[in-house]
Amino acid sequence: HDIFSGLVISIGGLSETVVKESSSILLQFCRQYCSKKQTPSVKDDDSDYTPLLISSMSSLFSIHKGDDRVIVPLLKTLNLLLKHGILEALQPHNSPFFPEMIPIIASEMESSNLVKIKLCIDTLIYLLQISDPIRGSAYKKLVVLLGHKYPRVRKYASEQLYIQFLSDRNTVGISIEEAATRAVAIDITTSSAVENVYCGLAPSVEASEKAQDLLVTTAWDGPVKEVRAVRQ
């Protein structure tokens with residue numbers, strides 16, 4: 001825990017060299033000891049440090065709630081791990097980590113620190129890779145941010161959502177509510193086969209194109225009343 005805490009602070013540091021080296025060291029460790037694929041030289045029974053990793057991360061989020069000196073580096077670290085697929089094996093049906101993260105991220109967004117809010121948006125974008133009900137929850141919060149009181153937050157959220165519409169594998173698909181219902185049904189089943197459920201960002205190709213058009217043509221940093229009407 002102490003080593004991880006030190007790496008978190010280093011990853012959020014001001015020196016580019018320190019940030020680069022600390023990030024590289026953490027990723028190297030995680031790929032060897034926390035990923036689904038273990039190296040042949042490491043025994044499977046003592047090589048999975050994922051529980052310790054997420055325990056330390058959850059502890060830091062809890063202890064330092066609202067303390068930007070720790071939370072900002074911690075968000076950078078979480079996004080680094082999500083970006084490189086280190087936590088992709090953690091899905092709602094087998095780990096409480098991401099369900100716990102959603103309210104934590106929502107709480108940290110209630111801030112005047114634009115850097116932290118943007119990092120929270122980045123985290124929500126990465127959480128769209130996680131199956132429902134996490135994906136749907138993250139998507140809802142991103143849409144809500146299109147009406148945020150800060151113009152720069154609205155603009156950044158719209159840009160990230162537009163990129164997601166272009167690249168998402170499940171842009172067109174089932175509703176958030178239907179996906180959540182299916183996810184609950186799968187979670188309580190005794191079947192050994194696990195299906196990850198992903199809601200769509202739009203119900204049809206036409207709706208997706210209309211949403212993309214609104215995202216790219218609206219001046220999201222304009223008057224808040226006007227953009228909230230567009231968001232609706």
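This is a friendly dialogue on how to read some features of the structure above.

Colleague: What should I know about the model before I start?

Modeller: It is a predicted model, in which local features need pLDDT of at least 70 and side-chain atom pairs count only at pLDDT 80 or more, while totals for chains, interfaces and linings use all residues. Residues are numbered from 1 along each chain as its sequence is written, and side-chain values use heavy atoms, with hydrogens and water left out.

Colleague: Let's begin inside. Which residues have the most contacts inside the largest nonpolar core?

Modeller: A nonpolar core is a set of buried Ala, Val, Leu, Ile, Met, Phe, Trp, Tyr and Cys residues joined through side-chain atoms within 4.5 Å. Buried means under 20% relative accessible area, exposed over 50%, and partly exposed in between (1.4 Å probe, protein chains only). Here the largest core has 60 residues, and Met-57, Leu-81, Leu-87, Phe-97, Phe-98 and Leu-127 have the most contacts inside it. Contact means heavy atoms within 4.5 Å. Leaving out residues up to four places away in sequence, Met-57 touches Phe-4, Leu-74, Leu-78, Leu-81 and Phe-97.

Colleague: Is Ser-23 buried or exposed?

Modeller: Ser-23 has a relative accessible area of 12%, so it counts as buried. This serine is found in helix H2; helices are DSSP runs (H or I, at least four residues), numbered from the N terminus. Ser-23 and Ile-11 are twelve residues apart in sequence, with their C-alpha atoms 5.9 Å apart in space. Beyond residues up to four places away in sequence, Ser-23 touches Ile-11 and Leu-80.

Colleague: And what does Ser-208 contact?

Modeller: Ser-208 sits in helix H10 (residues 205–217) and is buried, at a relative accessible area of 5%. Apart from neighbours within four places in sequence, Ser-208 is in contact with Phe-165, Thr-171, Val-172 and Ala-202.

Colleague: How do I read a whole helix, and what covers the buried residues of H8?

Modeller: Start with its span: the expected value is 1.5 Å times one less than the number of residues. Helix H8 (residues 151–167) has 17 residues and reaches 25 Å from first C-alpha to last, close to the 24 Å expected. Its buried residues include Val-153, Arg-154, Tyr-156 and Phe-165. Their cover includes helix H6 (114–127), helix H7 (134–144), H10 and helix H11 (224–231).

Colleague: Now the charges. How many salt bridges does the structure hold?

Modeller: Side chains of opposite charge can pair when their charged atoms come close. A salt bridge is a side-chain nitrogen of Lys or Arg within 4 Å of a carboxyl oxygen of Asp or Glu. The structure holds six. One of them joins Arg-69 and Asp-67, with the closest N and O atoms 3.2 Å apart; Arg-69 is exposed at 69%, whereas Asp-67 is partly exposed at 23%.

Colleague: Which residues are linked in a network of salt bridges?

Modeller: Asp-68, Glu-108 and Lys-116 are. The closest N and O atoms of Glu-108 and Lys-116 are 2.8 Å apart. Glu-108 is buried at 3% relative accessibility, and Lys-116 is buried at 3% as well.

Colleague: Where do Arg-182 and Glu-178 lie?

Modeller: An α-helix has 3.6 residues a turn, so residues three or four places apart point the same way. Arg-182 and Glu-178 both lie in helix H9 (residues 176–187), four residues apart, about one turn of the helix. Their side chains meet in a salt bridge at 2.6 Å, N to O. Arg-182 is partly exposed at 38%, and Glu-178 is partly exposed at 34%.

Notes
Helices (H or I, at least four residues) and strands (E, at least two) are DSSP runs, numbered from the N terminus.
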